[in-house]
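This report describes the packing and overall form of a protein chain. Please read it alongside the sequence and the coordinates shown here.

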Amino acid sequence: MNEGEVHEMIPAYLAGELSEEEARKVERAIEGSERLRRELERYERLFVLLSAAASQEIDPPRDLEMRIRSQVAMRIYLKAAFELADGLLGTYGRALVYYLGLS
């Protein structure tokens, strides 16, 4: 097993997803490579951070739903207005919309 293959297996190794034989191969390769030991340490820190982040409760702003609905509605209205202007004015309407920076 080359170093690149071991590098790809480190996340699975830390997650306990490897067979015993694969885990032993990864451990032997890590023991013999400073680069792989550094990568293992980086992934260990990443797993700790991800675990901590997953345990945090996130409280979205109270008005988040209203803000999202407003943005969606505004995009729908602007699209409809653009299509209406395009249909009514054709090329001149598109040029005007472009010139006014509405597109």
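## The nonpolar core

Val6, Met9, Ile10, Ala12, Leu18, Ala23, Val26, Ile30, Leu36 and Leu40 make up the largest nonpolar core, which has 10 residues. A nonpolar core is a set of buried Ala, Val, Leu, Ile, Met, Phe, Trp, Tyr and Cys residues joined through side-chain atoms within 4.5 Å; buried means under 20% relative accessible area, exposed over 50%, and partly exposed in between, with a 1.4 Å probe and protein chains only. At least two residues of this core come from each of α1 (3-14), α2 (20-31) and α3 (34-55), and α1 supplies the largest share, 4 residues. Helices (H or I, at least four residues) and strands (E, at least two) are DSSP runs, numbered from the N terminus.

In soluble globular proteins, nonpolar side chains tend to be buried together.

## Basis of the description

The model is predicted, and local features need pLDDT of at least 70, side-chain atom pairs count only at pLDDT 80 or more, while totals for chains, interfaces and linings use all residues. Residues are numbered from 1 along each chain as its sequence is written, and side-chain values use heavy atoms, with hydrogens and water left out.

## Overall form of the chain

The protein chain contains 4 helices and 0 strands, and its elements run α-α-α-α from the N terminus on. Its radius of gyration is 27 Å, whereas a compact globule of 103 residues would have a value near 13 Å; the radius is taken over C-alpha atoms, and the globule rule is 2.2 Å times the number of residues to the power 0.38. The C-alpha trace spans about 70 × 35 × 25 Å along its principal axes.

Of the 103 residues of the protein chain, 16% count as buried. Among the contacts in the protein chain with a separation of 6 or more, 49% are accounted for by residues 24 or more positions apart.

## Helix α2

The 12 residues of α2 should span 16 Å at 1.5 Å a residue, and this agrees with its end C-alpha atoms, which are 16 Å apart; the expected span of a helix is 1.5 Å times one less than its number of residues. Ala23, Val26 and Ile30 are the buried residues of α2. Seen down the axis of α2, these buried residues fall within an arc of 65°, so they line one face of the helix, the arc being that of the directions from the helix axis to the C-beta atoms.

The buried residues of α2 pack against α1 and α3, while Arg28 and Glu31 are exposed on the other side of α2.

## Helix α3

Glu34 lies in helix α3 and counts as partly exposed, at 45% relative accessibility. Its side chain makes a polar contact of 2.7 Å with the side chain of Arg37, where a polar contact is a pair of N or O atoms within 3.5 Å; within protein, one must be able to donate a hydrogen and the other to accept it, and residues adjacent in sequence count only if both atoms are side-chain atoms.

Glu39, found in helix α3, is buried, with a relative accessible area of 12%. A polar contact of 2.6 Å joins its side chain to that of Arg42; not counting residues up to four places away in sequence, Glu39 touches His7 and Ile10.

His7 is found in helix α1 and is buried, with a relative accessible area of 17%. Leaving aside its neighbours within four places in sequence, His7 is in contact with Arg35, Leu36, Glu39 and Tyr43. Glu41, in helix α3, is partly exposed, with a relative accessible area of 42%, and the C-alpha atoms of Glu41 and His7, 34 residues apart along the chain, are separated by 12 Å.

Technical notes. Contact means heavy atoms within 4.5 Å.
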